[in-house]
Amino acid sequence: MNRRQFFLAASAASALRFEVAGAGANVKKVGVQFFSVPKLLEQDFGKTLAFLAGLGYSEVEFYGPYPFTAPESTAEWNKVTPQLGFSGSGFFGLTAQKARSLLNEHSLTAPSMHTDLLTLRSGMGPLSDAAHVLGATYVTLPAIPEKYRKTLDDYKRLADDFNSIGEQAKGHGVKFAYHNHGYGLTPMQGQVPLKLILQGTDPRLVFFEMDIYWTTAGGADPVAMLKEYAPRYKMLHMKDMKEHKRFRGDGGDPGQWMELFPYMTSVGDGVLDIKAIVAQAHVSGVEHFFVEQDMVGSPDVALKRSADYLLKL
């Protein structure tokens, strides 16, 4: 049995254990990705936590860069912040210990931290230290830099890289996860790049976070992906789509993502089959549901609608 066959067999065996569990179960805990409210967090971290808890959220997901982030990645972040209109990230000027204290104060937990590829490769020590302080299980890559995903060979190399990162993470007492954007779903030479990563990584070391919006925009079916690759997906990013939209290309650049921002809407207000996605997610072993409505306007209304919908499923 070669390595790929082993990984597929291990995934299939694990998936069988989830077939009888939790179909149609309610979402008991709803989380929110901090990138939904970055300006509020930058203004007052503690007050924003109280606000999110008041909307019904009990989990949060951080995004980088952090004080320990690789300098090259922080420099890239600093290039884009003038366009974003904010610069706050990580612990928003606080220590990890203070951030954890404020989370505790508002009965919030932080299961996941988004971070960059360079920090995952070379800074697992300080990253995992921060994760342990926060109580986070997953250290999550939100996107693959474009230069590393141009060819099928690039994606094969990434699978090997992810296995190495996953091994490091395990050794430091955390778990590595990859969050998909819309790229990697358009076939290259008859193969789907994201599936190469799923099939080429060890299910004991590499976990996944599906963004249901970008998965749909890339032309894939979230329910089918959850079913085929149970139980690889441990987290979902939840947002809805006003009408069915696809990328004009392969979804490989921020310009294509931004074109679809106007079609994002609160969970339950769009055309995605949220009930079917959540039901399959429970069967497939998903552990966390994070609402992510990127830099959403009127978060008091939009984020509350998403939380209310998911909690009433």
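Is serine 107 buried or exposed, and what is its relative accessible area?

1. Serine 107 is exposed, with a relative accessible area of 62%, where buried stands for under 20%, exposed for over 50% and partly exposed for values in between (1.4 Å probe, protein chains only). The model is a predicted one, in which local features need pLDDT of at least 70 and side-chain atom pairs count only at pLDDT 80 or more, while totals for chains, interfaces and linings use all residues. Residues are numbered from 1 along each chain as its sequence is written, and side-chain values use heavy atoms, with hydrogens and water left out.

2. Most residues other than glycine have a negative phi, and most peptide bonds are trans. Serine 107 has a positive phi, near 55 degrees, and sits in the loop that runs between helix 5 (96-105) and strand 3 (109-114); helices (H or I, at least four residues) and strands (E, at least two) are DSSP runs, numbered from the N terminus.

3. Glutamine 189, likewise a residue other than glycine, has a positive phi near 50 degrees. The loop that holds glutamine 189 lies between strand 5 (175-179) and helix 9 (193-200), and the residue counts as exposed at 75% relative accessibility.

4. Glycine 64 and proline 65 are joined by a cis peptide bond, whose omega is about 10 degrees. Proline 65 belongs to the loop between strand 2 (59-62) and helix 4 (71-84).

5. A cis peptide bond also leads from alanine 230 to proline 231, with omega near -5 degrees. Proline 231 is placed in the loop between helix 11 (222-228) and strand 7 (233-238).
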